Amino acid sequence: MPGTWRDGAVATAAVLLFVVVFALRSNDPDPGQALSVLYTLPICLVGARWGLLAGLGAAGLAVVLTASWDWQRHTELTTVGLGARTTLFLATGLAVGLLAD
């Protein structure tokens, strides 16, 4: 049901998860750590609640946050590394969003 308290709870949880994962990622300069895989949690929440477009939007936000972490920390994340993360995020948003729609 749109507009229920659940929408606010899911949105709040997703935002908090994005913030926590970005903070964890920002404190670890090693691109080999798998912390960015935790972005799939808010992507799943958003995709499950609001469907395909929202899931893909959350995946896009995860890609932007990953790229900004790389730029901020000067970690020199390889194209393959960023591509793998992007593929994971988009596939997660796509799959969960399609299942929810």
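What follows is a description of helix α3, and then of the parts around it.

Which residues of α3 are buried, and which helices do they pack against?

A: This is a predicted model, in which local features need pLDDT of at least 70 and side-chain atom pairs count only at pLDDT 80 or more, while totals for chains, interfaces and linings use all residues. Residues are numbered from 1 along each chain as its sequence is written, and side-chain values use heavy atoms, with hydrogens and water left out.

Helix α3 covers residues 52-73. Helices here are DSSP runs (H or I, at least four residues; strands are E, at least two), numbered from the N terminus. The 22 residues of α3 should span 32 Å at 1.5 Å a residue, and its end C-alpha atoms are 32 Å apart, so the two values agree. The expected span is 1.5 Å times one less than the number of residues.

The buried residues of α3 are Gly55, Ala58, Ala59, Ala62, Val63, Leu65, Thr66, Trp69 and Asp70. Because they cover an arc of only 160° around the axis, they lie on the same side of α3. Buried means under 20% relative accessible area, exposed over 50%, and partly exposed in between (1.4 Å probe, protein chains only). The arc is that of the directions from the helix axis to the C-beta atoms. An α-helix has 3.6 residues a turn, so residues three or four places apart point the same way.

The face of α3 turned away from that buried side carries exposed Leu53, Val64 and Trp71. Just after the helix, His74 takes a positive phi of about 55°.

The buried residues of α3 pack against α1 (5-26), α2 and α4 (79-100). Contact means heavy atoms within 4.5 Å.

Of these neighbours, α1 has 22 residues and reaches 31 Å from its first C-alpha to its last, close to the 32 Å expected. Its buried residues are Asp7, Val10, Ala14, Phe18, Val21, Arg25 and Ser26. They cover an arc of only 135° around the axis, which means that they are on the same side of α1. These buried residues pack against α2 and α3, whereas Trp5 and Leu16 are exposed on the other side of α1.

In α4, Thr92 is buried at 14% relative accessibility. Leaving aside its neighbours within four places in sequence, Thr92 is in contact with Thr40, Ile43, Cys44 and Gly97.

The whole structure holds two salt bridges, a salt bridge being a side-chain nitrogen of Lys or Arg within 4 Å of a carboxyl oxygen of Asp or Glu. In one of them, the side chains of Asp7 and Arg49 meet at 2.8 Å, N to O. This pair links distant parts of the chain, with Asp7 in α1 and Arg49 in α2, 42 residues apart. Asp7 counts as buried, at 14% relative accessibility, and Arg49 as partly exposed, at 27%. Asp28 forms a salt bridge with Arg25, the closest N and O atoms being 3.9 Å apart. Arg25 is buried at 1% relative accessibility, and Asp28 is buried at 18%.

Helix α2 (residues 40-50) contains Leu41, which is partly exposed with a relative accessible area of 45%.
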